[in-house]
Amino acid sequence: MTTDAVNAGFMAPGGKSWLREWLFTVDHKRIGMLYLWCITAFFVVGVFLGLLLRLELFWPGRDFIGQQTYNAVFTLHGVIMIFIVVIPSIPAAFGNIFLPLQLGAEDVAFPKLNMFSFWLYVIGGATALASLFSGGGAPDTGWTFYVPFSAVTTTNVSVAVAGVFILGFSSILTGLNFIVTIHRLRAPGLTWTRLTLFAWALYATAWIQVLATPILSITVILIIVERLLGMGIFDPARGGDPILYQHLFWIYSHPAVYIMILPAMGVVSDIIPVFCRKSIFGYKTIVGSSLAIAFAGSLVWAHHMFVSGMSDTAVMVFSFLTFIVAVPSAVKVFNWLSTMYKGSIRLEPPLVFALGFIFLFAMGGITGLVLGSAGTDMHVHDTYFVVGHFHYVIFGGTGFGMFAAIHYWFPKMYGRMYNRRMATTAALILIVGLNGLYFPMYLLGLEGMPRRYYDYLPQFTSLHQLSTYGSWITFAGLALMLYNLIHSRYRGAPVGRNPWKAATLEWTLPSPPPTHNFDTEPVVTHGPYDFSEVRDDDGA
Amino acid sequence: MTEHRDYLGAKMGMWIFLFTEILLFGGLFVLYSVTLGRYPTEFHEASKLLDVTMGTTNTMVLITSSLFAALSVVGLRKGSRKVAKTCIFLTLTLACCFLVIKYFEWSHKIHAGIYPGGGTLTQWEPGKQAFFSLYYTMTGLHGLHVILGMGVFLWVWTRIAVGTCTPEHFVALENAGLYWHLVDLIWIYLFPLYYLIT
């Protein structure tokens, strides 16, 4: 009941002002917690914007918000969810907290740079939000900021893309920090093949962050100069080309999809062996597939542009390359399933979320092939089919990876356990809700309902209503999950250092871990999924 | 917490960061090459309007400043904080020269109405307009990097002055030097692409 029942670890108040100590901390665990809270807050805002959109689409025609407001709301929903929530979600929050712990390190390689990244994140997020309330009104371009509309609209696009630029800088610096940390700060004996799969996923992600984000930075800088100085780089009348904008934009933003999904795959790869009491099946193929996804995922950007007027050869090449990315993704799914085969399965909440991830990610991934195939894409391009696809992948994939990570590491972060039955119930409600929310979108898309539209023909009404009901179920699941976590943070039963009996290094520390991490530098003698040396009394 | 020093780690971080800078300009170089492919003759015509003398002078100025940046690292490593500070001062002076020459070049063009939205430029064919749009964007972004680099050198200068950047721990100065070489290198590509393609 009282906080002194639980060791306070790195969260313990120090001597100086509480606020000052947190905001200017260089402790990677505290920075990770700050990210986690900010991301959760922005996630709640994004969810409400999404609910608003679904509500407006309940009936055809105007229900309660106007067209301009609708455009602004879906733009903000996209900008907040993509740039402020999903991209930083797992790497910035859980990567910061647990990567150094899994490596047996005292901190990340550049602690001050880490604090700087967090501040850039806050400033970028604030700038993006400021675009709502200043200038000519909230941006109405969609999160892709396509020219020529973004170059001429009178809404506050410049401020929003400036926010995106700052957020991108934060993402680059986090990735850079992780790469150097993994290379330089591994504990003695922690060879590359003894690294956790979460660390490997972060490593692959970090390289994408470093290699792809600068291209987004230059793209948004170009929008700003286009708007403020009238450069005309994307204006055909002045020698420019709007298709070049799409190329530059997707050269970043497609790899960004893998920034979103790879860390979630890493979380799932860490969770499944623990709850099946089996070493992961095909460690090296999972590592290889992470790197293969990072590499191949950078070559497929133009599959967003099949109908933009590229040459047929380009369409064929990008369609083929897109199929290739599906291979390493499928390899991972087979590895997870093979790990569970004949495993000693304990269906604890982290595993339930991980299984939900596999199912929902497969639902999104398979429709990705429909979209990656040029012929079928012509039919469903820019319809609700696409909306359904990427929400399955991003909410069902990254979102569930995030929830799995929260439920897996919650006892380590707070030293308390949540109500497991309630957590499992929330997971099941979410799985039902997400299918109700997004599956009708596939049908809507196949029937020809375009995305981003404010109004629709009467024959789409029932499917839209079905989807809106799904959004309410999803909301109920989220509310239950959040209630459980917040309640347990104060009232949960105290746990020991290793409630899941996992074998990675972070579970050898007290929960929550002390500020200095390891008293003595750990020496690693076996892989991350070798459970033979985990003792039964570790849990209590 | 004890001060964490990792020379190799610091260098590695800096090299990765420099790589992101190359990619940032890389996007623009891609735009340049696509547009050049579309309007080869217009680019040729427009390029003649740039002042090769000023461009060449600026190239010499920037390369020399890079030399002093390198000498400042050598000076500090050999134990002389005084040499290091003098060389940084010379680097900064030459950087100012570069910006002043750039200012004259730009203001001369802008005065003649050759800028995006300017009276003269809007009369010309699209290819020439594209050339000057890219010219202002790329050299402008490069100029911003020169200013940022100057800020970095000022910061290192104060660190040497207060004794946190020393002959034993010189990685801050070395990384500043690397950054400056990159800024110099990007200019070495910009110069022929804009001034010498005729």
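**Salt bridges and burial**

Author: Lys102(B) and Glu105(B) lie 3 residues apart in helix α4 (residues 81-111) of chain B, so about one helical turn separates them. Helices are DSSP runs of H or I with at least four residues, numbered from the N terminus. This is a predicted model, in which local features need pLDDT of at least 70 and side-chain atom pairs pLDDT 80 or more, while totals for chains, interfaces and linings use all residues. Residues are numbered from 1 along each chain as written, chains are lettered from A and ligands numbered from 1 in written order, and side-chain values use heavy atoms, without hydrogens and water.

Reader: Why is the contact of Lys102(B) with Glu105(B) called a salt bridge?

Author: A salt bridge needs a side-chain nitrogen of Lys or Arg within 4 Å of a carboxyl oxygen of Asp or Glu. The closest N and O atoms of Lys102(B) and Glu105(B) are 3.5 Å apart, so the pair qualifies.

Reader: What makes Lys102(B) buried?

Author: Buried means under 20% relative accessible area, exposed over 50%, and partly exposed in between (1.4 Å probe, protein chains only). Lys102(B) has 7%, so the label is buried. Glu105(B), with 5%, is buried as well.

Reader: How do you know that Asp235(A) is partly exposed?

Author: Its relative accessible area is 24%, which therefore falls in the middle class. Arg238(A) is also partly exposed, at 24%. The two side chains form a salt bridge, N to O 3.2 Å.

Reader: How many salt bridges are found over all chains?

Author: The search of the whole structure finds 10.

Key
Helix = DSSP H or I, 4+ residues; strand = E, 2+ residues; numbered from the N terminus.
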